There are 2 protein chains.
Amino acid sequence: MKSAAPASPTARGATPMVVYHALRALIVRGQLAPGSRIVETEVAARLRVSRTPVRGALQRLAHEGYIVDSVSLQQSRPTVAPLTREDALELFSIVAEIEGLAARCATALPPAKREALVRELTTINARFERASRAKVPRHDLLYELDEQFHRRYVERAAGPRLRVLHDAVKPQAERYERLYVSLLSRGLAPSVQEHTAIIRAIASADPDAAQRAVQVNWRNAAARLGQLITNVGERGQW
Amino acid sequence: MKSAAPASPTARGATPMVVYHALRALIVRGQLAPGSRIVETEVAARLRVSRTPVRGALQRLAHEGYIVDSVSLQQSRPTVAPLTREDALELFSIVAEIEGLAARCATALPPAKREALVRELTTINARFERASRAKVPRHDLLYELDEQFHRRYVERAAGPRLRVLHDAVKPQAERYERLYVSLLSRGLAPSVQEHTAIIRAIASADPDAAQRAVQVNWRNAAARLGQLITNVGERGQW
DNA sequence: GCGTACAAAACTGTATACAATTTTCCTGGA
DNA sequence: TCCAGGAAAATTGTATACAGTTTTGTACGC
């Protein structure tokens, strides 16, 4: 694309982001199977860009843990990171810590804001509960609502640093969260209840209870998901 | 460096890391003042490499919060992230949580290991105390010892997930820690005492006391540093 | 038939050319 | 003196060429 008119009306500087989002979507939804090799030139050709923006996107994906560099002495060889039980457990337990801290902060919010937050969370959880009982489960919606629930109190309560940390870690859990809701779908009743416990703790402004409730939620989710991964096998396409 | 012999005997593929560490060192030690613009071509020229590996290093530094992209519609314009009071307070409070948890875990170590840890910490703190009373303070040494003290009990006690979290967060505090010891240098007696309190709590296997002692240490450090930043101004070269 | 050696292809790392945009600075006018 | 306009310099984004390394394929010997 040297002197030719741009094939796509992409703004200058946005190309790496486009590539990033395209690849990330493929990985997160499992269309690029764990363990797949990713070849710079292939991606570049498919998306009609040069290797330079592709490299930027790959670097970011690598930093965020979506792709790993297979062991090789000199060269990089990026591959889609595998989905393992251990990784899921570790990731969820880290999220438990971060969001637990955020929930603790939420109890220290001024009463008016805290009550508003409680109302928001109640609404979201009600929607989540309804979606979890649908005859044909909408996996995308389920993921979206669960994610929204947790994001809400982090956004409302956490300081910028904690939020940055959250933003860095949480996306890595998305693959597992999607897996979680799509494998469980009809068995999400415990999650709904655990969310209710979180709301109650924030409502009663009990820091320890709030932190603990969030941690319990994630630890249980980790346990349930771990069991499922063990059953279904560590990698492959679901 | 097309056909010429490599000026430096850098292994192929290691260049971005070299650039990363070089820039990070400059930023962390304040030699690249907060707010400074970083120009790709300048860095490339100074380190005798092309812009390609520099871009990789800059991207990583940006992801880790050492540099930020100044607001500009189309282009990136990386600048050294400012040192602010709020940022320091939040960062230290996060570290307080993580290392507090680690200290709590340390009290649950088997007695033999716990006592060995206590001895190590005592040794390090003694060196720290001596260094803090030197006529001409060695800032690098002071930082190194303080950092070593905290790292030790995290390494010995924390599980892998907590350690991963620690590794992600702690480096970002390095800038502030170096600032802390270099501004205070002669006034580090309280830190020495707080370290002693941490050691005592671990020695007596009191989880609450250990966690609290670490949190007190970091919160006090945050308060002292916050005061200093307010006095000296939010940015500039120290 | 199987394993090894060598050649060829594929792929990534680095450098650099070019394009687009932003910033700087100089000039002219009110 | 100060502000506006515009040209030039600076800086980043993108594309591509080239080099070095790893992988793959093939043919030969056992």
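Helix H2 (residues 40-47) of chain B packs against helix H3 (residues 51-63) of chain B at an angle of about 115°, with the axes 9 Å apart. Axes are lines fitted to C-alpha atoms, for helices over the stretch in contact, and angles run from 0 to 180 degrees between N-to-C directions. Helices are DSSP runs (H or I, at least four residues), numbered from the N terminus.

The model is predicted: local features need pLDDT of at least 70, side-chain atom pairs count only at pLDDT 80 or more, and totals for chains, interfaces and linings use all residues. Residues are numbered from 1 along each chain as its sequence is written, and chains are lettered from A in the order in which they are written.

- H2(B) contributes Glu40(B), Thr41(B), Val43(B) and Ala44(B) to the contact, and H3(B) contributes Arg51(B), Val54(B), Arg55(B) and Leu58(B) (contact: C-beta atoms, placed from the backbone, within 7 Å).

**Nonpolar cores**
- Ala102(A) and Ala102(B) touch the most other members of the largest nonpolar core, which has 93 residues.
- A nonpolar core is a set of buried Ala, Val, Leu, Ile, Met, Phe, Trp, Tyr and Cys residues joined through C-beta atoms within 7 Å; buried means 20 or more other C-beta atoms within 10 Å of a residue's own.
- Helix H4 (residues 85-107) of chain A gives this core its largest share, 12 residues.
- Another core, of 16 residues, lies apart from it and includes Ile27(B) and Tyr66(B).

**Contact between chains**
- Chain A supplies 20 residues and chain B 19 residues.
- On the side of chain A that touches chain B, helix H3 (51-63), H4 and helix H7 (160-184) of chain A each supply at least two residues.

Technical notes: Contact = placed C-beta atoms within 7 Å. Buried ≥ 20, exposed ≤ 12 C-beta atoms within 10 Å, placed from the backbone.
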